[in-house]
Amino acid sequence: MSSSDVQQKTRDHLWLHFTNHAGLTAGEEVPVITRAEGAHLWDDRGRRYLDGLSGLFAVNAGHGRPELAEAAARQIRELDYFPVWNAVHPRAAELAEALAERAPGDLNRVFLTNSGSESVETAWKLVKQYYKAIGQPGRHKVISRTIAYHGTTHGALSITALPGLRAPFEPLVPSGHKVPTTDLYRAPEHLRDDAEAFGRWAADRIAEAIEFEGPETVAAIFLEPVQNSGAAIPPPPGYLERVREIADRYGVVLVADEVITAFGRVGDFFAVNRYGVVPDIITGAKGITSGYVPAGATIVSDRLFAPFTKKENTFAHGLTFGGHPVAAAVGLANIAVFEREKLNENVRANEDLFRTTLDRLRDLPIVGDVRGAGYFWGIVLVKDRHTREPFPAVERRRLIDELLGPALRAGGLHARLDERGDPAILLAPPTTVGRAEFDLIEEIVRAALTEASQRL
């Protein structure tokens, strides 16, 4: 099809995700990406872009891997589809074993899904039924953090803490309660110079919320090891360990939402392995197949699975395509790529170089903070870096939509512009890249920010 045909079919029929269609309806065009290889994308006009976001935090092993395509083709020829409902196929069993072997502690039971939202939804339903099965039916409430994103299905959206996403669909599933996130840059002023003390303060707000709600009513704490929404917010020293202690003290399930942070994003198959904390559940998706086919997983401890080994307890939950043979085959091939090419080691070896390269942007007056971990970084933008004055709403919108978006595309960089919290540029390139790509990212972002500063 010609470019004009694609644009017209999009205007007439395609409903884009998280996209306002007013511009399209009025005749504006959207980018059309036609192919990809390695760390690069090409549009329908032949322009090349560095994929600084791994598609959408997903293509962790890079684009165009023939071994992943071949794994999918082999599986389709052998067994195209069969559900894992009261039966199994070999790839599902093999992927479950591979994930359990790489998860920490006793997280040995894997419920296969198709997406991050489904993985989170599965975790919440599982926890609620678990407590009913062990005679604590009053436990149904969930604690999550402000401006955190955990998915878009009704249950996952109730755990999500972004008012703009929630409001159109309210009333949501009840029982979601919110606590402060770990954004040190916006911490109370007396804690900004002591990350460990701030981490204790933030974790203690979880204990406070549990006490307020009543421990006998609280089922789970959901958190991302490095929080995506709000711009790659890492955990302060000791924070995750303290949250684990709080969960144990009150008998609450700790869920690590690793839809973004798993499978190499911070240099391990699971981010909690790097931070030395064992949750009760890990939710994952995206990078499990490097985005080549939809897949996800909810990985559960033996303790939480135990009640479901009894005849009277069946987890009344399932998905037609969860554990799809093709997805499982690609997931296994993806894990093999990571281990053969030592991609987790590459991320850890280059983490400091990526950080110091992005830190060079701190000389720009618009840059307030640079934070993240592994190959997952956020550049936080403010009106005045000396006072940390945030942008007012009108300037935020102009900065994101009119200035930075076009400038980054013109420079040849695919990144994410986030305004959940301070406006920010999010970067999460494939785990295969190194110094040359870091330098190019810094060059393109610097040019875009410099131009934006001059035009604001």
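Both Glu213 and Lys141 are buried, where buried means under 20% relative accessible area, exposed means over 50% and partly exposed lies in between, using a 1.4 Å probe and protein chains only. These two residues form a salt bridge, with their closest N and O atoms 2.9 Å apart; the term stands for a side-chain nitrogen of Lys or Arg within 4 Å of a carboxyl oxygen of Asp or Glu. The pair links distant parts of the chain, since Glu213 sits in helix α9 (residues 195-213) and Lys141 in strand β5 (residues 141-145), 72 residues apart.

This is a predicted model, in which local features need pLDDT of at least 70 and side-chain atom pairs count only at pLDDT 80 or more, while totals for chains, interfaces and linings use all residues. Residues are numbered from 1 along each chain as its sequence is written, and side-chain values use heavy atoms, leaving out hydrogens and water.

**Salt bridges**

- Side chains of opposite charge can pair when their charged atoms come close.
- The structure holds 33 salt bridges.
- One of them joins Arg45 to Glu29, with 2.9 Å between the closest N and O atoms. Arg45 is in the loop between β2 (40-43) and β3 (48-51), and Glu29 is in the loop between α2 (22-25) and β1 (33-37), 16 residues apart.
- Arg45 counts as exposed because its relative accessibility is 66%, and Glu29 counts as partly exposed because its value is 48%.
- Another salt bridge brings together the side chains of Arg65 and Glu341, at 2.5 Å from N to O. Here the partners are 276 residues apart: Arg65 lies in the loop between α3 (54-57) and α4 (66-78), and Glu341 in helix α13 (residues 325-341).
- Is Arg65 buried or exposed? With 11% relative accessibility, Arg65 counts as buried, whereas Glu341, at 35%, counts as partly exposed.

- Helices (H or I, at least four residues) and strands (E, at least two residues) are DSSP runs, numbered from the N terminus. Two strands pair if DSSP finds at least two bridges between them.
- Axes here are lines fitted to C-alpha atoms, for helices over the stretch in contact, and angles run from 0 to 180 degrees between N-to-C directions.
- Strands β9 (residues 281-284) and β10 (residues 296-301) run antiparallel and are joined by 4 bridges. Which residue in β10 is the bridge partner of Ile281? The partner is Val300.
- Contact means heavy atoms within 4.5 Å.

**The sheet of 4 strands**

- A sheet of 4 strands is open and antiparallel, in the order β11-β12-β15-β14. Because β11 (367-373) and β14 (416-418) stand at the edges with a single partner strand each, one side of each has no neighbour in the sheet.
- The twist from one strand to the next averages 20 degrees.
- Strand β12 (residues 376-381) runs antiparallel to β15 (residues 424-427), joined by 4 bridges. Ile379 stands opposite Ile425 in β15.
- Helix α15 (residues 393-411) packs on this sheet by touching β12, β14 and β15, and its direction makes about 160 degrees with that of β14.
- Helix α16 (residues 435-455) lies across β11, β12 and β15, at about 165 degrees to β15.

**Backbone details**

- Glu170 and Pro171 are joined by a cis peptide bond, with omega about 5 degrees. Pro171 is in the loop between α8 (163-166) and β6 (176-179).
- Asn86 has a positive phi, near 60 degrees, although this residue is not a glycine. Asn86 lies in the loop between α4 and α5 (90-102), and its relative accessible area of 88% makes Asn86 exposed.
- Lys342 is not a glycine, yet has a positive phi of about 55 degrees. Lys342 is found in the loop between α13 and α14 (343-359).
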